[in-house]
Amino acid sequence: LRGLAIGLLPVVFISFVDDIRPVPARVKVLFHLAGAVAAVGLGIGLPEQIHLLGHRITIGWLAAPVSVLWLVGVT
């Protein structure tokens, strides 16, 4: 839960600021990236082996960057 909470801090902060005054999309994406990197760095993300359509796929070192992209894409 710590990784999730710390990863949410930049996202919640920039969302709060954006409610008060407009924030450019680039800035929002940077804050979302910071939150995703923090969350993944603290253990939130895909494992090195994933199961897709009944097959086991080893993604190895790509687990971290794919996790960051997925988290930013979802938000």
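**The hairpin and its surroundings**

Modeller: In the hairpin formed by strand 1 and strand 2, where two residues lie between the strands, L53 takes a positive phi near 55°. This is a predicted model, in which local features need pLDDT of at least 70 and side-chain atom pairs count only at pLDDT 80 or more, while totals for chains, interfaces and linings use all residues. Residues are numbered from 1 along each chain as its sequence is written, and side-chain values use heavy atoms, without hydrogens and water.

Strand 1 covers residues 49-52 and strand 2 covers residues 55-58; they pair in the antiparallel sense, over four bridges (pairing requires at least two DSSP bridges between the strands). Two of the facing positions can be named. L52 stands opposite H55 of strand 2, and Q49 stands opposite T58 of strand 2.

In total the protein has three helices and two strands (DSSP runs numbered from the N terminus, helices being H or I of at least four residues and strands E of at least two).

Helix 1 (residues 2-20) and helix 2 (residues 25-41) have axes that come within 7 Å and cross at roughly 170° (axes are lines fitted to C-alpha atoms over the stretch in contact, with angles from 0 to 180 degrees between N-to-C directions). Helix 1 is therefore roughly antiparallel to helix 2, the label for angles over 145 degrees. On the helix 1 side the contact is made by G3, I6, G7, P10, V11, F13, I14 and D18; on the helix 2 side, by V27, K28, F31, H32, A34, G35, A38 and A39. Contact means heavy atoms within 4.5 Å.

Helix 3 spans residues 63-74 and includes S67. S67 counts as buried because its relative accessibility is 3% (buried is under 20%, exposed over 50%, partly exposed in between, with a 1.4 Å probe and protein chains only). Apart from neighbours within four places in sequence, S67 is in contact with V40, G45 and L46.

As for the whole chain, buried residues are 23% of the 75 residues. Of the contacts between residues at least 6 apart in sequence, 46% join residues at least 24 apart. Along the principal axes, the C-alpha atoms fill a box of roughly 45 × 25 × 20 Å.

Technical notes: Parallel < 35°, antiparallel > 145°, perpendicular 65-115°, else oblique.
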